[in-house]
Amino acid sequence: EVNASGEEMPTYIVGTEAQFPPFEIVDSRGKVVGFDVDLLNAIAEDQGFKVQYLDQDFAGLIPALQTGNIDIIASGMTITEEREQEVDFSEPYITAGLALAVPINNEEIQSVADLQGKTVAVQTGSTGFMKAEELKEAGVIAEIKDFPHVNEAIEELKIGGADVMINDLPVTEAFIAAQPDVIKIVGEPLNSESYGFAVRTGNTELLQKINTGLENVKASGEYDELLTNLPKY
Ligand code: ARG
């Protein structure tokens, strides 16, 4: 297949951890869908490249990018200074932030001020994990339990193995929308974070395509359309 400039369309392999609604989730047919996927597909269409999604553990995404197993990370990945040392990020494509969640019947934890001595559940390698480490080093929380997937962290809350979860607010909201009686969000968001697509350091050609495509998809109104039609989990 050729693109608008008559060139053979390149296919890029996209790594994602697809249990992170509404950004990425596997549908009933086993297909990876979600806002990140819709957005990157629109960018690919605009820029004349093809994408193929690979579902894998979040903590393995940056290593997979560095070794060349994947070309792009599209996984609700927050742009951080630490990660900037390891990958190149696109322009930010959405804003989110971390929030606390507790078992539905917990009345004790209302904010970060109530985390003294508590056990925290997080996704391995996530910014929630990094925030938990910060709070542990500061002598606030007592223990961190990390899991490859957010639903496992939620499960840990449910069975009483952890007191609180730190996770991206929109994702925790999506899980709660699907299952309202298990956990609840408490307090204010802990921070504000921006997500970016990541490419291998120095892969400016691909980064340029993603950034230009993102601009075009925003300008055309397609971005806003995708945002208002988020997939239900
Ligand atoms: N935004 C957080 C981070 O960058 C969590 C992302 C987790 N993404 C996922 N698809 N599981 O660390």
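Student: How many residues of domain 1 are in contact with residues of domain 2?

Tutor: 11 residues of domain 1 are in contact with 13 residues of domain 2. Contact here means that the C-beta atoms of two residues, placed from the backbone, lie within 7 Å. This is a predicted model: local features need pLDDT of at least 70, side-chain atom pairs count only at pLDDT 80 or more, and totals for chains, interfaces and linings use all residues. Residues are numbered from 1 along each chain as its sequence is written.

Student: Into which domains is the protein chain divided?

Tutor: Domain 1 covers 11-95 + 195-228, and domain 2 covers 98-186; such bounds come from an automatic or database domain assignment. The C-alpha centres of the two domains lie 26 Å apart. The C-alpha trace of the whole chain spans about 60 × 35 × 30 Å along its principal axes.

Student: How do the residues on the side of domain 1 that touches domain 2 divide?

Tutor: Six are nonpolar, four polar and one charged. Ala, Val, Leu, Ile, Met, Phe, Trp, Tyr, Cys and Pro count as nonpolar, Asp, Glu, Lys and Arg as charged, and the others, Gly among them, as polar.

Student: Which residues come nearest to the ligand?

Tutor: Of the 13 residues around the ligand, Glu17, Phe20, Thr78, Ser126 and Thr127 come nearest. A residue is near a molecule if its C-beta atom, placed from the backbone, lies within 6 Å of it. The shell around the ligand holds three nonpolar, seven polar and three charged residues. Domain 1 and domain 2 each supply at least three residues of this shell.

Student: And the inside? Which residues have the most contacts inside the largest nonpolar core?

Tutor: In soluble globular proteins, nonpolar side chains tend to be buried together. Here the largest nonpolar core has 60 residues, and Ile73, Val164, Met165 and Ala198 have the most contacts inside it. A core is a set of buried Ala, Val, Leu, Ile, Met, Phe, Trp, Tyr and Cys residues joined through C-beta atoms within 7 Å; buried means 20 or more other C-beta atoms within 10 Å of the residue's own, placed from the backbone. This core, too, draws at least three residues from each of domain 1 and domain 2. Of the 233 residues of the protein chain, 38% count as buried.

Student: What does Val164 touch?

Tutor: Leaving out residues up to four places away in sequence, Val164 touches Leu100, Ala101, Val102, Ile109, Leu115, Lys118 and Val120.

Notes:
A residue is buried if 20 or more other C-beta atoms lie within 10 Å of its own, exposed if 12 or fewer, and partly exposed in between; C-beta atoms are placed from the backbone.
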